[in-house]
Amino acid sequence: LHKEYRRQRQMCIRDRDFSAFLEGMFLEAMLYLGAIPDPRTGETIEDLELAEYKIDLLGMLQSKTEGNLDTEEKERIEAILYQLRMIYLEKTKSINL
């Protein structure tokens with residue numbers, strides 16, 4: 001019980017900025033792509049529909065924030081989207097052949 005309290009407390013003091021938000025979205029998409037294991041269970045999940053949804057959300061966020069991001073934020077979202085799209089393409093190209 002004490003460990004759980006500390007874990008929840010740690011979550012409360014994490015950064016709440018754009019980069020932290022992007023990191024969370026990135027990790028969720030990576031989880032659904034099956035690229036990283038679920039941190040709670042250690043199991044690998046692959047749900048390409050949910051991964052595509054997360055990638056699309058990030059793409060929408062990129063277009064809606066265009067002109068409002070600093071250079072570092074702009075480069076970060078571009079890099080995240082590129083990486084996620086390449087993994088998604090690699091996972092889906094064998095399915096569609």
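# Burial, pairs and helices

Modeller: Buried residues account for 26% of the 97 residues in the protein chain, where buried means under 20% relative accessible area, exposed over 50%, and partly exposed in between (1.4 Å probe, protein chains only). This is a predicted model, in which local features need pLDDT of at least 70 and side-chain atom pairs count only at pLDDT 80 or more, whereas totals for chains, interfaces and linings use all residues. Residues are numbered from 1 along each chain as its sequence is written, and side-chain values use heavy atoms, with hydrogens and water left out.

Colleague: How many helices and strands does the protein chain have, and where is confidence lowest and highest?

Modeller: The protein chain has four helices and zero strands, each taken as a DSSP run numbered from the N terminus (helices: H or I, at least four residues; strands: E, at least two). The pLDDT, which is the predictor's confidence in each residue from 0 to 100, averages 87 over the protein chain, with 80% of the residues scoring at least 70. Confidence is lowest in helix α1 (residues 2–12), with a mean of 57, and highest in helix α3 (residues 48–64), with a mean of 97.

Colleague: What makes Glu 23 and Arg 76 a salt bridge?

Modeller: The closest N and O atoms of Glu 23 and Arg 76 are 2.8 Å apart, and a salt bridge is a side-chain nitrogen of Lys or Arg within 4 Å of a carboxyl oxygen of Asp or Glu, so the pair qualifies. Glu 23 belongs to helix α2 (residues 18–32) and Arg 76 to helix α4, so the pair ties together parts that are 53 residues apart in sequence. Glu 23 counts as partly exposed because its relative accessibility is 30%, and Arg 76 is partly exposed as well, at 33%.

Colleague: How do you know whether Lys 54 is buried or exposed, and which residue does Lys 54 meet in a salt bridge?

Modeller: Lys 54 has a relative accessibility of 12%, so it counts as buried. The side chain of Lys 54 meets that of Glu 28 in a salt bridge, at 2.5 Å from N to O. This pair links distant parts of the chain, with Glu 28 in helix α2 and Lys 54 in helix α3, 26 residues apart. Glu 28, at a relative accessible area of 32%, is partly exposed.

Colleague: How far apart in the helix are Glu 78 and Lys 74?

Modeller: Both residues lie in helix α4, four residues apart, which is about one turn of the helix, and their side chains meet in a salt bridge at 2.8 Å, N to O.

Colleague: Which members of the largest nonpolar core touch the most other members?

Modeller: They are Leu 22, Leu 58, Leu 61, Ile 77, Ile 80 and Leu 84, within a core of 18 residues. Helices α2, α3 and α4 each supply at least two residues of this core, and its largest share, eight residues, comes from α2. Such a core is a set of buried Ala, Val, Leu, Ile, Met, Phe, Trp, Tyr and Cys residues joined through side-chain atoms within 4.5 Å.

Colleague: Which residues is Leu 22 in contact with, leaving aside neighbours within four places in sequence?

Modeller: Leu 22 is in contact (heavy atoms within 4.5 Å) with Leu 58, Leu 61, Glu 73, Arg 76, Ile 77 and Ile 80.

Colleague: Why does Met 86 count as partly exposed?

Modeller: Met 86, which is found in helix α4 (residues 71–96), counts as partly exposed because its relative accessibility is 37%.
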